[in-house]
Amino acid sequence: DTESTSRKDEWEVQRDANKVLGDNAFRGSNFVEAIQHYTNALDLDPTNHIILSNRSAANLKVSNKSKALKDATACIEANPKFAKGYSRLAAAQQSLGRWKDALESYKNALQLDSANSVAKNGLEECQAVITKMEEEERKILQEHQSAESDKADAKTEKQQKDKPE
């Protein structure tokens with residue numbers, strides 16, 4: 001029966017219609033509405049990696065950072081070869097300040113798609129932030145060590161002054 005195999009099942013039609021509504025809402029910057037449509041689509045097809053990816057992006061737009069991370073993780077679990085999923089994961093990780101995790105996720109995206117400009121730019125941004133953080137940590141550590149050294153010098157000086165002649 002080729003007619004029934006060429007036609008989509010009703011749930012697939014509904015899923016696709018909800019995805020289109022979500023995509024249109026997203027393009028119109030109606031992110032909360034987009035999330036609702038993507039959620040409706042995912043109710044019908046919970047492991048659809050593209051819809052999970054799209055909902056992750058919409059969640060990030062409204063600062064639902066943990067939900068964006070959860071959707072991006074589910075997207076990658078559903079399709080580990082989907083480079084954009086790793087970019088979505090990295091963006092969520094960045095939003096949560098998880099720079100080293102984001103760096104690794106961008107590297108994964110680039111392994112799958114070396115031309116992915118979002119991943120290239122994200123990788124550079126992560127590297128810059130990590131470098132800056134490491135420099136700041138070194139500076140703080142040096143200042144702390146310097147202060148400890150000054151305290152030790154002052155203590156030694158005081159002991160020298162307090163010694164009877």
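On a 1 Å grid over the protein atoms alone, a pocket is an open set of points with protein on both sides within 12 Å along at least five of seven lines, and lining residues have an atom within 4 Å of a point. Grid points are joined across faces, edges and corners, and a volume is the space filled by probe spheres set on the points. The model is predicted, with local features needing pLDDT of at least 70 and side-chain atom pairs counting only at pLDDT 80 or more, whereas totals for chains, interfaces and linings use all residues. Residues are numbered from 1 along each chain as its sequence is written, and side-chain values use heavy atoms, with hydrogens and water left out.

The overall picture comes next. The protein chain contains 8 helices and 0 strands, where both are DSSP runs numbered from the N terminus (helices are H or I with at least four residues, strands E with at least two). The pattern read along the sequence is α-α-α-α-α-α-α-α. The radius of gyration, taken over C-alpha atoms, is 26 Å for the protein chain, whereas a compact globule of 165 residues would have a value near 15 Å; the globule rule is 2.2 Å times the number of residues to the power 0.38. Along the principal axes, the C-alpha atoms fill a box of roughly 110 × 30 × 25 Å. Of the 165 residues, 32% are buried, a term that means under 20% relative accessible area with a 1.4 Å probe and protein chains only. Among contacts (heavy atoms within 4.5 Å) with a separation of 6 or more, 46% join residues 24 or more positions apart.

Back to the second largest pocket, whose lining consists of Ile35, Thr39, Leu42, Pro46, Leu52, Arg55, Asn59, Lys67, Lys70, Asp71 and Ala74. Helix H3 (31-44), H4 and helix H5 (65-78) each give two or more residues to this lining, and H5 gives the most, with 4 residues. The lining has 5 nonpolar, 2 polar and 4 charged residues, with Ala, Val, Leu, Ile, Met, Phe, Trp, Tyr, Cys and Pro counted as nonpolar, Asp, Glu, Lys and Arg as charged, and the others, Gly among them, as polar.

Two of these lining residues deserve a further look. Arginine 55, in helix H4, is buried at a relative accessible area of 17%. Leaving aside neighbours within four places in sequence, arginine 55 is in contact with Ile35, Tyr38, Thr39, Leu42 and Asp71. Asparagine 59 also lies in helix H4 and is buried, with a relative accessible area of 3%. Not counting residues up to four places away in sequence, asparagine 59 touches Ile35, Asn64, Lys67, Ala68 and Asp71.

The largest pocket has a volume of about 200 Å³. Its lining includes Ser56, Leu60, Lys84, Arg88, Tyr106 and Val118. Helix H4 (49-61) and helix H6 (83-95) each supply at least two of the lining residues. By class, the lining of the largest pocket has 5 nonpolar, 3 polar and 3 charged residues.

Finally, the cysteines. A search of the whole structure finds 0 disulfides, a disulfide being a pair of cysteine sulfur atoms within 2.5 Å. The sulfur of cysteine 75 has its closest cysteine sulfur in cysteine 126, at 18 Å, which is too far for a bond. Cysteine 75 is buried, with a relative accessible area of 0%, and cysteine 126 is buried with a relative accessible area of 0%.

How values were computed:
1 Å grid on protein atoms, 1.4 Å probe; cavity = no way out; pocket = protein on both sides within 12 Å on 5 of 7 lines; lining within 4 Å. Buried < 20%, exposed > 50% of the residue type's maximum accessible area, 1.4 Å probe, protein only.
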